[in-house]
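Let's look at its strands and its nonpolar cores.

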Amino acid sequence: MEAKNRFLILLLQGESFAIPIASLLEITVPRNIQKDQKLSEIFEGKLDYRGKLIPVVNLKKILKLTGNPGGSLIVVKSSKGVLGLLVDAAKELLETAQRPVPMPRGVLNPS
C-alpha cells in the first residue's frame, strides 16, 4: 500500500496553495497581532500563541499579491520554530499518493 500524503489547502485571492498537514498546529482567527518594527515587511507582527510570542507572516506579501491580510491564521511548526501564516481561508484537507514537488532552498527564508 502506498503512503498517503496529507495537505491543508489554503486560499489566497481565489488561488489554492497547499502545506503539509504534519506542519499544522492550529487554524484560528487572527487576534491581537502586535506590530514590531524590527521584523521585515513580510511580517504583520507578533502574536501571543499559548504564552509565547510568535511571528505572523502575511503570505500575500511573500507571493506579491495585493489586498488586505487574510482573515484566517494558520499556525505551523517549521525547522525554525512556530510561525503564524495569514491566509484568506483554509479550504479543505487533501489526501494523495502523489509526492510534492520539492521546495527550492531559501524560498521562504525572509533574509
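What follows covers the overall layout, the sheet and then the cores.

This is a predicted model, where local features need pLDDT of at least 70 and side-chain atom pairs count only at pLDDT 80 or more, while totals for chains, interfaces and linings use all residues. Residues are numbered from 1 along each chain as its sequence is written, and side-chain values use heavy atoms, with hydrogens and water left out.

The chain has 1 helix and 8 strands (DSSP runs, H or I of at least four residues for helices and E of at least two for strands, numbered from the N terminus). Along the sequence, that reads β-β-β-β-β-α-β-β-β.

Five strands make an open, mixed sheet in the order β3-β6-β7-β5-β4 (strands pair if DSSP finds at least two bridges between them). Since β3 and β4 sit at the edges with a single partner strand each, one side of each has no neighbour in the sheet. β4 runs antiparallel to β5 and is joined to it by 6 bridges; one of the bridge pairs is Asp 48 with Leu 53.

Now the cores, meaning sets of buried Ala, Val, Leu, Ile, Met, Phe, Trp, Tyr and Cys residues joined through side-chain atoms within 4.5 Å. Buried means under 20% relative accessible area (1.4 Å probe, protein chains only).

| Core | Size | Residues include |
|---|---|---|
| Largest | 13 residues | Leu 10, Leu 59, Ile 74, Leu 85 |
| Second, separate | 7 residues | Leu 47, Tyr 49, Val 56, Leu 73 |

Technical notes. Buried means under 20% relative accessible area, exposed over 50%, partly exposed in between (1.4 Å probe, protein chains only).
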